[in-house]
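Me: I would like to go through this structure and ask what stands behind each label. Please set the values against the cut-offs.

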Amino acid sequence: MIRKLLRKVFRRTAAAAHNEPATIPLEQHGIRRAQISPAAAKVCDVLQEGGHKAFVVGGAVRDLLIGHPPKDYDVATSATPEQVRALFRRSRIIGRRFKIVHVMSGRETIEVSTFRASHDAEAAETDEHGRVLHDNVFGSQAEDATRRDFTANALYYDPANETIVDYHHGVADIRQKTLRMIGDPRARYREDPVRMLRAVRLGAKLGLAIDPAARTPIREMAELLENVPAARLFDEMLKLLFSGYAVQCLRQLREEGLHHGLLPLLDVILEQPMGERFVWLSLANTDERVRADKPVSPGFLFATLLWHQVLAGWEKRKQAGEPSQPALFEAMDDVLDSQARKLAITRRIVGDIKEIWALQPRFDRRSSRFAPRLIEQPRFRAAWDFLRLRAESGEVPMELAQWWDDYAHAGHDERERLLAAAPRGEATGPKRRKRRRKPQAAQPDSADDQSLARLQD
Ligand code: ATP
Ligand code: MG
C-alpha cells in the first residue's frame, strides 16, 4: 500500500519535473547570440515581438554545444504556420503531412515549425492542448520537447536572453557525451524505426556514445526497418553518407547489426569482396570533401559503390565475345536495373552515374584524336576524380590518372609532348583507318560519343 502510494507520488514528481524545464544561463552553456546565424536570431526576434514564443531548436543548438558548425537552423514557435507566414514577407508554407514555414533571409532559409504534440497525444489531448489543422497536431512547448528523439535534440535556445530551455537534461547528457533517447527507446523505435539509424549517425558524427538503454534494443528491433518506405530510407542513408563521418557511421552500423539484408545500400557497401578497397577509399574521400566544405554528389558516390559490379559484368560479357563498348553499356544497365529500384535511386542520379561510368574507357585513349575531346566533356572532372580513385585502389595504374591530370592542365606544346610520350597499344583505342581528311573534333562521331550524347539528352 505504502509502496503503491510512494510510486504514485514519485511518478507525479517525475511528471512535474518534465513539465518544468531547467533554464540554463549563458555562463553555463556558453552559446552567445553572435554565434548563431543572424537570420535565425532575427526570425526569433520577429516572432517574439509578435507575441509568440520562439527558439532555435534541435541540431543547431546541439552542434553549437559540442563545438560543431551547425548545418542549418530550425526554429520552433508557438505561432501557427499561418501566423508565421503573415509575419515574414519572404516566407512560404510547405509540407503536406506537417505544415512548416520556410523563411528566407538573405541567402539563408530558416525552417520554422509550430510546437507539435507527439503521436500519443494526437487522439487523447488534441482538443485540450492544441488545434488540429489538416495533419498538423499542435501542442505545447513541453509536448514538442517530448516528441523529439534524443535529449540532445530537445534544447531550445532563446537568442533574446541567451538561455537554453532544457526539458530532458540534454545539456548534461551532451556534457557526458551521451546520446539518450527521450522516453522508452523500444517504444520510440517502434513509432519510428528510422530513429535507430539516426542514433548511429548522430552518435558517430558527434562523438557521442549511444546510451545502453537505446543501444541494446537496436539489434533485436533492426528488422522493423523493413517496413520503412524505401524513399525515406534512401533519404536517411544519404544524410548518413554525406554527414562527413560516413566511414565511422558505417562501421558503427555494422557493429550494431544494422546492415545485413535490411538496408540494401549497406549490403552493397559492406558486402563486396572485390571492390571493398575502392568503396572505402571513396567513402573516406567523400568524408574529406564534406568536412572541407567541397561539393559532393550522390551520383558520384553511387557510381563508386556500384562500379565493381559493373566491372564484373563488363568482363563477363567481353569474355563471351561482346565488343567492349556495348558490353560496358549493357553491364551498366544490368547493374542499374537490379539496384536502382531496390535502392530507390532517383532517375536524375541514375543519369549522373551513367555519365561517369561511360567516360571511364575513354581514359585509355591517349591520342590526339580522342584526348582533346575527352577533356572538353562537361563531366570530365567528375570522371577524372573517379579514375583517380580507381588508380588509388590499384585497379588501374596511377600513371594513367597522373597523365590525364597533367594533360588537362598543360598548354598546347606540353600536350603534344604528353601525347607523343603516352604509352601506345590499347591506349590508342580501336584501330582506325589512317587520317581522315576533315577534322571532326566537334562532332560526336564515334560510337561512344553517340552513346554518351544519348545519356546526356
Ligand atoms: P542534422 O540536421 O545534423 O542531420 P538534426 O538532429 O538537426 O540533425 P533533422 O532531421 O534536421 O536532424 O531534425 C531536426 C530535429 O527534429 C531533430 O533535432 C529532432 O529534434 C527532431 N527529429 C528529427 N527526426 C526525428 C524523428 N525521427 N523522431 C523524433 N524527432 C525527430
Ligand atoms: Mg537539422
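**Pocket and helix packing**

Reply: The largest pocket has a volume of about 1,800 Å³. The model is a predicted one.

Me: Which residues lie closest to the centre of the largest pocket?

Reply: They are Arg-116, Arg-147, Arg-198, Arg-232 and Lys-239, out of 45 residues in the lining. Elements that give two or more residues to this lining are helices H4 (59–66), H6 (119–129), H9 (185–191), H10 (194–206) and H12 (230–241), together with strand S6 (108–114).

Me: How does the lining of the largest pocket divide by class?

Reply: It has 25 charged, 13 nonpolar and seven polar residues. Arg and Lys count as charged, and the residues closest to the centre of the pocket are Arg-116, Arg-147, Arg-198, Arg-232 and Lys-239.

Me: Why are H20 and H21 called roughly antiparallel?

Reply: The axes of H20 (residues 380–392) and H21 (residues 398–409) cross at roughly 150 degrees and come within 8 Å. Angles over 145 degrees count as roughly antiparallel, and the pair is therefore given that label. The crossing is left-handed.

Me: What makes the contact between H20 and H21?

Reply: From H20 come Phe-380, Trp-384, Leu-387, Arg-388, Ala-391 and Glu-392, and from H21 come Met-398, Leu-400, Ala-401, Trp-404, Asp-405 and Ala-408. By class this contact has nine nonpolar, three charged and no polar residues. Asp, Glu and Arg count as charged, and Arg-388, Glu-392 and Asp-405 are among the residues that meet here.

Me: Why are H18 and H20 called roughly perpendicular?

Reply: H18 (residues 347–359) packs against H20 at an angle of about 65 degrees, and their axes are 9 Å apart. The range for roughly perpendicular is 65 to 115 degrees, so H18 and H20 take that name. Their crossing is right-handed. Ile-356, Trp-357 and Leu-359 of H18 make the contact with Phe-380, Ala-382, Ala-383 and Phe-386 of H20.

Me: How do the residues of the contact of H18 with H20 divide by class?

Reply: There are seven nonpolar residues, no polar ones and no charged ones. Ala, Leu, Ile, Phe and Trp count as nonpolar.

Me: What makes H13 oblique to H15?

Reply: The axes of H13 (residues 246–255) and H15 (residues 276–291) cross at roughly 130 degrees and come within 8 Å. Roughly perpendicular runs from 65 to 115 degrees and roughly antiparallel needs over 145, so the pair is oblique. The contact joins Ala-246, Val-247, Gln-248, Leu-250, Arg-251 and Arg-254 of H13 to Trp-280, Leu-283, Ala-284, Asp-287 and Arg-291 of H15. These divide into six nonpolar, one polar and four charged residues.

Methods. Residues are numbered from 1 along each chain as its sequence is written. Chains are lettered from A and ligands numbered from 1 in the order in which they are written. This is a predicted model: local features need pLDDT of at least 70, side-chain atom pairs count only at pLDDT 80 or more; totals for chains, interfaces and linings use all residues. Side-chain values use heavy atoms; hydrogens and water are left out. Axes are lines fitted to C-alpha atoms, for helices over the stretch in contact, and angles run from 0 to 180 degrees between N-to-C directions. Helices (H or I, at least four residues) and strands (E, at least two) are DSSP runs, numbered from the N terminus. Angles under 35 degrees count as roughly parallel, over 145 as roughly antiparallel, 65 to 115 as roughly perpendicular and the rest as oblique. A crossing is left-handed if the near helix is turned anticlockwise from the far one by less than a right angle, and right-handed if clockwise. Contact means heavy atoms within 4.5 Å. On a 1 Å grid over the protein atoms alone, a cavity is a set of points where a 1.4 Å probe fits but cannot get out, and a pocket is an open set with protein on both sides within 12 Å along at least five of seven lines; lining residues have an atom within 4 Å of a point. Grid points are joined across faces, edges and corners, and a volume is the space filled by probe spheres set on the points.
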